[in-house]
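Thank you all for coming.

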Amino acid sequence: MQRARRTLTISAYLHRLAVALVLCGGIAVSPAFSAVKLVEFGMYAAVGSIPIGFSFNYYGKPVDEVVVSRYGILSMESGNIAPSYNNFPLPTNRRALYVFWDSLDIFNLNTDGRVHYETQGVAPNRQFIVQWSNFTAGLARQPVGDFQIILDESSGSIKYQYRNQQGSSTVGRNATIGIEGPNLKFIQIGFRDQYAVGDQQAILFTPLRDSLDYRVTKQADFSFIDLTLAAPPTGSYLLPEGKKVSGETVDIEIVTDAPEVQHIVSVDFFVNEQWLSRQLTTP
């Protein structure tokens with residue numbers, strides 16, 4: 001049975017965009033396009049040469065590429081990643097971000113664990129996001145929820161975010177969490193600490209003194225940017241011609257026959273196909 005087509009009006013949240021001028025009346029989206037990339041580990045525990053999309057200042061040194069480990073680590077220097085899932089307390093003599101260093105999926109042969117990444121926004125307000133989803137930890141193969149790292153271009157800050165936390169393994173009982181820079185400088189949030197992190201928690205590392213050290217906010221604003229949402233359906237995004245958008249939202253009409261609309265839309269999308277905001281709407 002063919003689904004009836006209908007027009008939906010959706011309030012889209014704009015990412016770091018206060019005012020924009022829309023110069024066109026409507027843009028057809030066919031087919032939909034996604035900038036989110038999946039890390040293909042294959043037989044390896046880590047994949048390198050992943051571009052951030054901008055130069056990020058980490059402990060006073062610019063970083064353009066990172067190494068992503070399936071074990072919850074983002075290395076800020078090429079070719080230097082934690083050797084295995086056996087985690088230790090910091091420091092480890094590696095310049096890396098330890099969002100949830102643990103034995104992720106080591107004992108789960110039927111794993112659904114995935115790591116995605118994406119650079120969002122426009123200069124000088126871009127964000128590089130890496131997200132670990134659907135992993136398990138330990139012999140009990142306990143789900144550890146989803147967690148992500150966000151590198152912010154304009155502020156130089158680092159944010160860790162955690163959601164769907166379930167059980168002691170998930171909240172940090174067996175994990176190492178923190179950041180480490182050069183000369184054994186480090187900030188450890190937890191090492192095998194059952195209460196290190198919790199559901200819908202965000203930890204913010206704000207640079208001090210030219211990024212040579214960081215201030216930590218353990219209960220920062222939580223706003224999970226889910227990189228696993230599906231691409232938007234083929235359809236038309238319609239805006240009144242010449243409309244001036246002010247503030248954080250804009251109403252957009254979508255014509256679709258999809259039962260559920262998962263859309264990624266922004267004013268900048270009409271210029272260079274870069275999505276700056278993401279919203280789930282169920283008609």
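This is a predicted model: local features need pLDDT of at least 70, side-chain atom pairs count only at pLDDT 80 or more; totals for chains, interfaces and linings use all residues.

Let me start with a cluster: Phe100, Trp132, Phe147 and Tyr162 are linked by ring pairs, where rings of Phe, Tyr and Trp (its six-membered ring) pair if their centres lie within 6.5 Å, and planes under 30 degrees apart count as stacked, over 60 as edge-to-face and the rest as tilted. Residues are numbered from 1 along each chain as its sequence is written, and side-chain values use heavy atoms, with hydrogens and water left out.

The structure holds twelve aromatic pairs. One of them is edge-to-face and joins phenylalanine 88 to tryptophan 101, at 6.1 Å centre to centre and with 65° between the planes. This pair links distant parts of the chain, 13 residues apart, since phenylalanine 88 sits in the loop between β7 (73-75) and β8 (96-101) and tryptophan 101 in strand β8; strands here are DSSP runs of E with at least two residues, helices are runs of H or I with at least four, and both are numbered from the N terminus. Phenylalanine 88 is partly exposed, at a relative accessible area of 47%, whereas tryptophan 101 is buried at 1%, where buried means under 20% relative accessible area, exposed over 50%, and partly exposed in between, with a 1.4 Å probe and protein chains only.

Seven strands form an open, antiparallel sheet in the order β4-β9-β10-β13-β14-β17-β18, two strands being paired if DSSP finds at least two bridges between them. Because β4 (37-38) and β18 (213-217) stand at the edges with a single partner strand each, one side of each is left without a neighbour in the sheet. Further in, strand β13 (residues 146-152) pairs with β14 over six bridges in the antiparallel sense, and aspartate 146 stands opposite arginine 163 in β14.

What does valine 216 touch, not counting residues up to four places away in sequence? Valine 216, which lies in strand β18 and is partly exposed at 29% relative accessibility, touches Ile187, Ile189, Ile203, Leu204 and Phe205, contact meaning heavy atoms within 4.5 Å.

Serine 157, in the loop between β13 and β14, is buried, with a relative accessible area of 9%. Leaving aside neighbours within four places in sequence, serine 157 is in contact with residues including Phe56, Ile150, Leu204 and Phe205.

To finish with the chain as a whole, the secondary structure comes to two helices and 23 strands, and buried residues make up 49% of the 283 residues. Of the contacts with a separation of 6 or more, 61% are between residues 24 or more positions apart.
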